[in-house]
Amino acid sequence: MAVGRERRHLSLQLPLQDILPRFPLPLLPTTTTSHSSATASAADFEKLQVLGRGNSGTVYKVRHKHTSKIYALKLVHTNLDPTLRRQVLLELEILRRATDSPHVVQFHGTFEKPNGDGAILLEYMDAGTLDSLLKTAGTFSENAIAAAARQILGGLDYLHSLKIVHRDIKPANLLVNKKMEVKIADFGVSKIMRRTLDPCKSYVGTCAYMSPERFDPEAYGGNYDGYAGDIWSFGLTLMELYMGRFPFLELGQRPDWATLMCAICFGEPPGLPESASAEFRSFIGCCLEKESRKRWTAAQLLTHPFLSGLPENQGAKEC
């Protein structure tokens, strides 16, 4: 990896406005992990370190005491407000459904702690996120970006086939292991499209990565296509990996909601620097079409020349 330039981390959040559906299951039912024939409990795991904290709970790196396997354990508080509770329920439902892709973080089960808090057991990715990798190791080469892009698109194509829209694709939500496998994570603001034409209109996720039609659906035919919105966020993510900064902002520019909204809705899509190849420029252009109907799908992007010439076993090692 080349040395990355100084960059400002964007964490602008808009308030959740969805009324998420309730599912016919308890918050975190006791279940069996895939690595044990006995029901898991809090006593089976040793906490090693905190991986992250959020509104709904804390994520820990843990070791299973009997198998020595390492996991990520998300402890969820029981005293959540109704919106956060529905958010956790939906995340759990999506994790239960999305179990058959190597490009989505794997769900191993749930159990309840003695104090009533719930726990979600997940695959542990030992190299952090694309965001943390960018900060510590610098910008990515085109080969590294192409290898990561193929994996992310594989995950998005799978999720979209299940009618699941992620709605918060960004470097911080893409986990990496030391094999440079990239997996989609954090489904806290995702949505299951219950009907084919569900408009999925809501301001959730990180607004910096939102597509134009998500800010202003009326200006784009009155419809928000959640699948196309994921592709827009994906395109910005790849640009950030290459440029070392968020594409819509100049280096050192203060990120605020109004500036981002104006740039995304009224400005032209950002472009790659002259150092980028023609294939990479074309690929990003297919992701960042302002009209969502013209944006390529995940399946289409997997056939783009930027990726199609990449060997199947090419890893994202050349950074």
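Hi everyone, and thanks for coming. Before we start, please keep in mind that this is a predicted model: local features need pLDDT of at least 70, side-chain atom pairs count only at pLDDT 80 or more, and totals for chains, interfaces and linings use all residues. Residues are numbered from 1 along each chain as its sequence is written, and side-chain values use heavy atoms, with hydrogens and water left out.

Let's begin with the whole chain. It has 9 helices and 9 strands; these are DSSP runs, with helices being H or I of at least four residues and strands being E of at least two, numbered from the N terminus. Of the 319 residues, 55% are buried. Here, buried means under 20% relative accessible area, exposed means over 50%, and partly exposed is in between, using a 1.4 Å probe and protein chains only.

The chain exposes about 14400 Å², and carbon and sulfur atoms supply 49% of that. Those areas come from the Shrake-Rupley method with a 1.4 Å probe; for residues, only the protein chains shown count as cover. Now for contacts, meaning heavy atoms within 4.5 Å. Among contacts between residues at least 6 apart in sequence, 68% join residues at least 24 apart.

Just after α2 comes glycine 138, with a positive phi of about 100 degrees.

A salt bridge here is a side-chain nitrogen of Lys or Arg within 4 Å of a carboxyl oxygen of Asp or Glu. Aspartate 131 is buried, at a relative accessible area of 7%, whereas lysine 135 is partly exposed at 46%.

How many salt bridges does a search of the whole structure find? It finds 9. Another one is in helix α1 (residues 82-97), where arginine 97 and glutamate 93 are 4 residues apart, or about one helical turn. Their side chains meet at 3.2 Å, N to O. Arginine 97 is partly exposed, with 33% relative accessibility, while glutamate 93 is buried at 14%.

My next example links two strands. The side chains of lysine 183 and glutamate 123 form a salt bridge at 2.8 Å, N to O. Lysine 183 sits in strand β8 and glutamate 123 in strand β5 (residues 118-123), so this pair ties together parts that are 60 residues apart in sequence. Both lysine 183 and glutamate 123 are buried.

Let's go back to α3 and pick out leucine 153, which lies in that helix. Leucine 153 is buried, with a relative accessible area of 0%. Which residues does leucine 153 touch, leaving aside those up to four places away in sequence? They are Ile231, Phe234, Phe283, Ala298, Leu301, Leu302 and Leu307. Leucine 153 and isoleucine 184 are 31 residues apart in sequence, and their C-alpha atoms are 9.6 Å apart in space.

On to helix α6, residues 257-266, where Leu260, Ala263, Ile264 and Cys265 are buried. The cover over those residues includes α4 (212-215) and α5.

That cysteine brings me to my last topic. How many disulfides does a search of the whole structure find? The count is 0, a disulfide being a pair of cysteine sulfur atoms within 2.5 Å. For cysteine 265, the closest cysteine sulfur is in cysteine 262, 7.7 Å away and too far for a bond. Cysteine 265 is buried, at 9% relative accessibility. For cysteine 286, the closest cysteine sulfur belongs to cysteine 287, at 6.8 Å, also too far for a bond. Cysteine 286 counts as buried too, at 11%.
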